[in-house]
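Please take a moment with the sequence and the 3D structure shown below, and keep both in view while you read.

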Amino acid sequence: MKNTLTILAILFITVAFSQKKSFSEEALNDAVINIRGAEITFNSVLEMHKGKTVLIDFWASWCKDCVKGFPDLKELQNENPEIYYVFLSLDKDIQSWKEGIKKYDLKGDHYYIKSGWKGPLCSSIDLDWIPRYILLDASGTIKVYRAITTKDNQLLNQIQ
């Protein structure tokens, strides 16, 4: 029993400290498209929010789990208006992305990931599911690397 507890403790510590704290150079240089159609780097998006707490939401309008989570996300936004919300879309095309923003009345800054799922940004964060939330503190350090709901305990603890 003692050995089992020791192994579990080691696994827990390993997982807890394996969370990435920053984005790779490839991810930072990946291209996204803003709502006006201009192509910019992901790093430029982060620079625009420097000094602010930011919740990044990877989503798509076709994603049932994303849509199902929007009421909880909007509740989080209402309870935490000081946080900046950045939406990164993995829609199949720009028109679907823009229609999804309007249809679901998503408030925040919106970008379309030009390179998609297999591009540098998504690959670097090991994106395997959406929605996916990443929380950055005011210094730009990743505080929560992987949350798939806005009710995630680690996410809520870091926000408070």
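In this predicted model, strand E3, which covers residues 54–59, and strand E4, which covers residues 84–89, run parallel and are joined by six bridges. If you look along this pair, you will find Asp57 standing opposite Phe87, a residue of E4.

These two strands belong to an open sheet of seven strands with mixed pairing, and if you read across the sheet, the order is E2-E1-E5-E4-E3-E6-E7. At the edges lie strand E2, made of residues 39–41, and strand E7, made of residues 142–147, each of which pairs on one side only. When direction is ignored, neighbouring strands of this sheet are turned against each other by 25° on average.

Helix H4, spanning residues 64–79, lies across E3, E4 and strand E6 (132–136), and the direction of H4 makes an angle of about 165° with that of E3. Helix H5 also packs on the sheet, where H5 touches strand E1 (31–34), E3, E4 and strand E5 (109–113), and the direction of H5 makes about 155° with that of E5.

Is Gly100 buried or exposed? Gly100 counts as buried because its relative accessibility is 3%, and the cut-off for a buried residue is under 20%. Once the neighbours within four places in sequence are left aside, the residues in contact with Gly100 are Trp59, Ser61 and Leu106. Trp62 lies 38 residues away from Gly100 along the chain, yet the C-alpha atoms of these two residues are separated by 8.4 Å.

Stepping back to the protein chain as a whole, you can count seven helices and seven strands, which follow one another along the sequence in the pattern α-α-β-β-α-β-α-β-α-β-α-β-β-α. Of the contacts in the chain with a separation of 6 or more, 60% are accounted for by residues 24 or more positions apart.

How values were computed
Residues numbered from 1 in each chain as written. Predicted model: local features only at pLDDT ≥ 70, side-chain atom pairs only at ≥ 80, totals over all residues. Heavy atoms only, no water. Helix = DSSP H or I, 4+ residues; strand = E, 2+ residues; numbered from the N terminus. Contact = heavy atoms within 4.5 Å. Buried < 20%, exposed > 50% of the residue type's maximum accessible area, 1.4 Å probe, protein only. Pairing = 2+ DSSP bridges. Axes fitted to C-alpha atoms, helices over the stretch in contact; angles between N-to-C directions.
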